[in-house]
Amino acid sequence: MKLEFFQRKFWTASRQCAALDGKCSISCDNENINCYLIDNNGFILVSEDYSQTGMFFGEAEGAVMNKLLIMGSFKRVTLYDYQAICKIFAESSDSAHSLLDPYFYFFAAVKWIMTELVIFLVEFNLYSWWYSDLTAKAQRGGRTMLVPCDTEYPAFVSERTIKETMGNIDCEGCVKSFVIQQIPSSNLFMVVVDSKCDCRAAAPITMEPIEIMYILFCAKKDRRRPDSCHPFHPEENAMECGGALGLAPQLAATLFPVLFSLLAR
């Protein structure tokens, strides 16, 4: 099923009411309310603003999502990614490199002069004296690098036992009301939010990953000295020590180089 067809079916079903006259007292066509269709993880499937499709509900309605977390309709779960990629800013020069900067600038200037001279002799064009990209500029910048890292990010799961919830949020000078109801035989929820009260002061709830910074430390342990001194051992023979002085060359090891030199002739 395509998403466009699913959205049309949802808006058509939202306009149907059980009243005898067939008219709904409150409809998603009303400008004072916003209707959302979200899944059990809080991602928007259908919204009046098509650009919000696939967005996390907490980014569009941060105040409502925060209230749902407080009421227990949704719970936050922390997940970990041990094969993530993080961006770091690395400077292009260090303290040791800066000591050689005057020499680099001198050689860059000589290279620029020689390049301009060769271009002038080959093309015989004076325009290259006024315009050239080979300039000796003292530039010290940086670049963004991608490095492997470990991250943690939040995930949100709906509470299965809660089928319908409504509540009010106290904003600056107004009260924002909402209703969330589970659609039978599905993992989808319909959320109706009052759009007249704007809670811009409430920060959006995002799922941005956070890099895990490990703190490495070494614990210094004091070694305990022995209670007594042991200068000798009963099973140790002092006469066997220092046997390296008594080493003598063997006859085979001495004659083999001599025979090899004679055969080589």
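These are my notebook entries on a predicted model of a single chain.

**Ground rules.** I number residues from 1 along each chain as its sequence is written, and I use heavy atoms for side-chain values, leaving out hydrogens and water. Since the model is predicted, local features need pLDDT of at least 70 and side-chain atom pairs count only at pLDDT 80 or more, while totals for chains, interfaces and linings use all residues.

**Whole chain.** I found seven helices and eight strands in the chain; both are DSSP runs numbered from the N terminus, helices being H or I with at least four residues and strands E with at least two. Of the 265 residues, 22% count as buried, meaning under 20% relative accessible area, with over 50% called exposed and partly exposed in between (1.4 Å probe, protein chains only). I also looked up contacts, that is, heavy atoms within 4.5 Å. Among those with a separation of 6 or more, 65% come from residues 24 or more positions apart.

**The sheet.** I traced an open, antiparallel sheet of five strands in the order β2-β1-β7-β6-β5. Here, two strands pair if DSSP finds at least two bridges between them. β2 (44-47) and β5 stand at the edges with a single partner strand each, so one side of each has no neighbour in the sheet. On average, neighbouring strands of this sheet are turned by 20° against each other, direction ignored. For angles, axes are lines fitted to C-alpha atoms (for helices, over the stretch in contact), and values run from 0 to 180 degrees between N-to-C directions.

Next I checked β1 (residues 33-39) against β7 (residues 188-194): they pair in the antiparallel sense over seven bridges. I33 stands opposite D194 in β7. Helix α1 (residues 3-14) lies across β1, β2 and β7, and runs at about 60° to β2.

**T165.** I then went to edge strand β5, where T165 lies (residues 164-170). Is T165 buried or exposed? T165 counts as buried because its relative accessibility is 10%. Its side chain joins that of S73 in a polar contact of 3.3 Å; such a contact is a pair of N or O atoms within 3.5 Å, where within protein one must be able to donate a hydrogen and the other to accept it, and residues adjacent in sequence count only if both atoms are side-chain atoms. Leaving out residues up to four places away in sequence, T165 touches M71, S73, F178, V179 and I180.

**Q52.** My last stop was the loop between β2 and α2 (57-60), where Q52 sits. Q52 is buried too, with a relative accessible area of 15%. Beyond its neighbours within four places in sequence, Q52 contacts Y36, I44, S47 and A60.
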